[in-house]
Amino acid sequence: MTDDQHTSHGIDLETLEGFAEHAADDPEAVQLGLEASATYEGTAAHSLAKIDSYELGGETVARDTHEYTIPYGGWKEVLEAGGWIGATDRMEPIEAALSALAACINVGITINAAANDVDIDHLQTRVRTDFDPAVLFSLKELKEADSAFENLTAEIEIDGEDLDQDQIDEWARRAPVYTLVSLAQDVEMAVASPAEVAGDD
């Protein structure tokens, strides 16, 4: 990289500007198709999640270095209290979702900071919520699911010169995971089971 190339937050700004122009001229070329799967491991609440290929502009991108597996479960003390045998700590999906939200808020802030040539010396986002598991354990009706989470907060600790708090707030709200969790999303649930075996004639 030559000295006259302008970089910010680890990004070549000339390339970023070119990418943004390309996205504006041809939106379909930058559309992403994302997915993940989770396979039940035989113990309630335990699944092995997998992330691998994705789609970019309608083309599948697959490579070994973008394959991740995550063993999900729960909190040892809670599982033991609930009767799980040999309970151990595992990453819990809600906390993983919160960490994804925190990381993605950082994404929204830093990408836009780079595009606007704003320096950031320190950035940390902490996301927190209160969770009532009553719906999960069928102690409340499914129609009460909107009571499961309360007090969802995101605290952004940021340092740098000439930072505008309203601008930082806007950039944070541009984060895709923020959109996923804060706006109403229709999840089309499809339940598939093995084909029925034809009975004897």
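This is a predicted model: local features need pLDDT of at least 70, side-chain atom pairs count only at pLDDT 80 or more; totals for chains, interfaces and linings use all residues.
Student: How many residues does helix α3 have, and what should they span?

Tutor: Helix α3 covers residues 93-115, which makes 23 residues. At 1.5 Å a residue, they should span 33 Å. The end C-alpha atoms of α3 are 32 Å apart, which agrees.

Student: What caps the N-terminal end of α3?

Tutor: E92 does. One of its side-chain oxygens lies 2.5 Å from the backbone nitrogen of I94.

Student: Which residues of α3 are buried?

Tutor: First, the general idea. An α-helix has 3.6 residues a turn, so residues three or four places apart point the same way. Now the case here. The buried residues of α3 include L98, L101, A102, I105, I109 and N112.

Student: Now strands. What is the order of the open sheet of three strands?

Tutor: The order is β3-β6-β7, and the pairing is antiparallel. β3 (32-33) and β7 (59-61) are at the edges with a single partner strand each, so one side of each has no neighbour in the sheet. β6 (residues 54-56) pairs with β7 over three bridges. Look for Y54: V61 in β7 stands opposite.

Student: Which strands form a hairpin?

Tutor: β4 and β5 do, with six residues between them. G42 sits in the turn and has a positive phi of about 95 degrees. The two strands, residues 37-40 and residues 47-51, run antiparallel and are joined by four bridges. S37 stands opposite K50 in β5.

Student: Is S47 buried or exposed?

Tutor: S47, in strand β5, has a relative accessible area of 19%. Buried means under 20%, so S47 is buried. Leaving out residues up to four places away in sequence, its contacts include Y40, I70, Y72 and R90.

Student: What about charged side chains? How many salt bridges are there?

Tutor: The idea is simple. Side chains of opposite charge can pair when their charged atoms come close. A search of the whole structure finds six salt bridges. One of them joins D52 and K50, with the closest N and O atoms 3.8 Å apart. D52 is partly exposed at 23% relative accessibility, and K50 is partly exposed at 38%.

Student: Where else should I look?

Tutor: R128 is partly exposed at 47%, and D130 is partly exposed at 29%. Then see E170 and R174, also a salt bridge, at 2.7 Å. E170 is partly exposed at 39%, whereas R174 is exposed at 52%.

Terms used. Residues are numbered from 1 along each chain as its sequence is written. Side-chain values use heavy atoms; hydrogens and water are left out. Two strands pair if DSSP finds at least two bridges between them. The expected span of a helix is 1.5 Å times one less than its number of residues. Buried means under 20% relative accessible area, exposed over 50%, partly exposed in between (1.4 Å probe, protein chains only). A polar contact is a pair of N or O atoms within 3.5 Å; within protein, one must be able to donate a hydrogen and the other to accept it, and residues adjacent in sequence count only if both atoms are side-chain atoms. Contact means heavy atoms within 4.5 Å. A salt bridge is a side-chain nitrogen of Lys or Arg within 4 Å of a carboxyl oxygen of Asp or Glu.
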